[in-house]
Amino acid sequence: MSPRVRRVIIGITAALIVFLGTAPPASAHGFSSTVYVDVAAGDDGHVRTKLKLEYDLFVVSTADFEDDDALFRTGTAAFDAGDTARQGAALNAHAKAAVAYVTRRFSVTSGGQVCTPARVGPFTMSRHEGVPYTDLLLDWTCPERSDAHEVRGGLFPDSEKYVTGTKTIVTYDLDGRSGSAAIDAEHPSFSTGQAWYERFWEFFRLGAEHLLSGIDHILFLLALIAGSRRLREIVLAATSFTLAHSVTFLLAALGLVDVPARVVEPVIALSIAVVAGWYLWRIWRQGGHAADLETEGRGHFSLDRAGWTRLGVVFCFGLVHGLGFAGALGIDEAWSWTLLWSLLVFNVGIETVQLTIIALVFPLLTLLRHRAPRAGLWVTGAISAGVSAMGLIWCVERLLGV
């Protein structure tokens, strides 16, 4: 191997190590939160909203911005104790501050006029992906009747510096229309009068952003690319992965599957390590022939036995990744049926980014393998080693809850 090629390999490996070393250690999606809102027609012409907010974040944010130290003390103590009854009691004892925090950052308008909120009943508790959430019912009195309402959300903004990139997922049955929408800092509002393609674009964008911001899914894809010997293999692997995570995504939306995040997240991390380690094992066994196809055992799609085995492993892990994608939007209850078509668009957004990454990276690796086979082997091996190590680290951290 020439000194120049060796320097290139060292540079790529060093860059990968730096990249992995700066990645978030335990939560590959960073510190973000999702707010869930259900909007429907209420009694006496009111608009009723049911908000679901992450409990500990809600307590800290409310206590900070409403200057309520007592809520912080009692609320965080109840959270640390895992006592659901005490958590609800803490919020109900400080309901004025809690409702004020929400209504300063969340609103409903009708005909351009702001509607007036009123709390309905006490704060109650629920769970999403194993995380405590609090539920708040609000009735909105609108000064002017309209055939379309606008919902605007700005809860837990980046400026508060507790989380980044809060998403608000809205389902609605109002004004003779039903559907779903996603709002965030860049797109803080939606109207029930919006065209269907506008709402679908929101979920497409959300899916694309989710894959780009989810370093674990990116690394899984890199492991697939590095270990694929032919274009056919990576295309079939990506297709298998897509079909698998679409299946569990759909089952979760129908409320037929509900696996806790404490199980899903370590397995996702393990899948990264296994898929990357698979190629390392081939290098160890076959050396410079790791990228060669077996001459016997060719089946459909011209895949050899190793190719079909890898495809089955990818499909199985894709099922688990689908639960991770569903968990990102809190898709774990039967009510999520109304989100189904929007969630499929979310899935299309994920797939578009995935195929774009393959189209950019795989040809470069193929060119390197053809021009400098030994360098190609070292580069793909270095990528696989780094990705596998990171997957194992994440798996251990997630199992230990670090």
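**Close-up views of a predicted model**

**View 1. Helix α3 packs on helix α4.** In this predicted model, helix α3 (residues 69-81) and α4 pack at about 165°, and their axes lie 8 Å apart. Angles over 145 degrees count as roughly antiparallel. α3 and α4 are therefore roughly antiparallel to each other. Their crossing is left-handed. From α3, the contact takes in L71, T74, G75, A77, A78, F79 and A81. From α4, R86, Q87, A90 and L91 take part. Sorted by class, the residues of the α3 contact with α4 are seven nonpolar, three polar and one charged.

**View 2. Helix α2 meets helix α4.** Which residues of α4 does α2 meet? Y55, F58 and V59 in α2 meet Q87, A90 and L91 in α4. Helix α2 covers residues 55-65, and helix α4 covers residues 84-93. The two axes come within 12 Å and cross at roughly 30°. Angles under 35 degrees count as roughly parallel. α2 and α4 are therefore roughly parallel to each other. α2 passes α4 in a left-handed crossing. The contact of α2 with α4 holds five nonpolar residues, one polar and no charged.

**View 3. Helix α7 against helix α12.** The axes of α7 and α12 are 9 Å apart, and the packing angle is about 145°. The crossing of α7 past α12 is left-handed. On the α7 side, the contact is made by I215, D216, L219, A223 and A226. On the α12 side, T380, I383, S384, V387, M390, W394 and R398 contribute. Eight nonpolar, two polar and two charged residues form the contact of α7 with α12.

**View 4. The largest nonpolar core.** How many residues does the largest nonpolar core have? The count is 45, and L224 and I225 have the most contacts inside this core. Seven elements need finding here, each giving two or more residues to the core: α6 (196-213), α7 (215-227), α8 (231-253), α9 (261-286), α10 (305-328), α11 (340-371) and α12 (373-400). Leaving aside residues up to four places away in sequence, L224 touches I234, A237, V275, R310 and V314. Another core, of 37 residues, lies apart from the largest one. Among its residues are A78, L91, F106 and F190. In soluble globular proteins, nonpolar side chains tend to be buried together.

**View 5. S271 in helix α9.** Is S271 buried or exposed? The residue sits in helix α9. Its relative accessible area is 0%, so S271 is buried. S271 touches F220, F317 and H321, with residues up to four places away in sequence not counted.

**View 6. G45 in a loop.** G45 lies in the loop between β1 (34-41) and β2 (47-54). Its relative accessibility is 39%, so G45 counts as partly exposed. T141 is 96 residues from G45 in sequence. In space, G45 and T141 are 7.6 Å apart, C-alpha to C-alpha.

**View 7. The protein chain as a whole.** The protein chain has 12 helices and 11 strands. Of its 402 residues, 50% count as buried. What share of the contacts with a separation of 6 or more comes from residues 24 or more positions apart? In the protein chain, such residues account for 75% of those contacts.

Methods
Residues are numbered from 1 along each chain as its sequence is written. This is a predicted model: local features need pLDDT of at least 70, side-chain atom pairs count only at pLDDT 80 or more; totals for chains, interfaces and linings use all residues. Side-chain values use heavy atoms; hydrogens and water are left out. Axes are lines fitted to C-alpha atoms, for helices over the stretch in contact, and angles run from 0 to 180 degrees between N-to-C directions. Helices (H or I, at least four residues) and strands (E, at least two) are DSSP runs, numbered from the N terminus. Angles under 35 degrees count as roughly parallel, over 145 as roughly antiparallel, 65 to 115 as roughly perpendicular and the rest as oblique. A crossing is left-handed if the near helix is turned anticlockwise from the far one by less than a right angle, and right-handed if clockwise. Contact means heavy atoms within 4.5 Å. Ala, Val, Leu, Ile, Met, Phe, Trp, Tyr, Cys and Pro count as nonpolar, Asp, Glu, Lys and Arg as charged, and the others, Gly among them, as polar. A nonpolar core is a set of buried Ala, Val, Leu, Ile, Met, Phe, Trp, Tyr and Cys residues joined through side-chain atoms within 4.5 Å. Buried means under 20% relative accessible area, exposed over 50%, partly exposed in between (1.4 Å probe, protein chains only).
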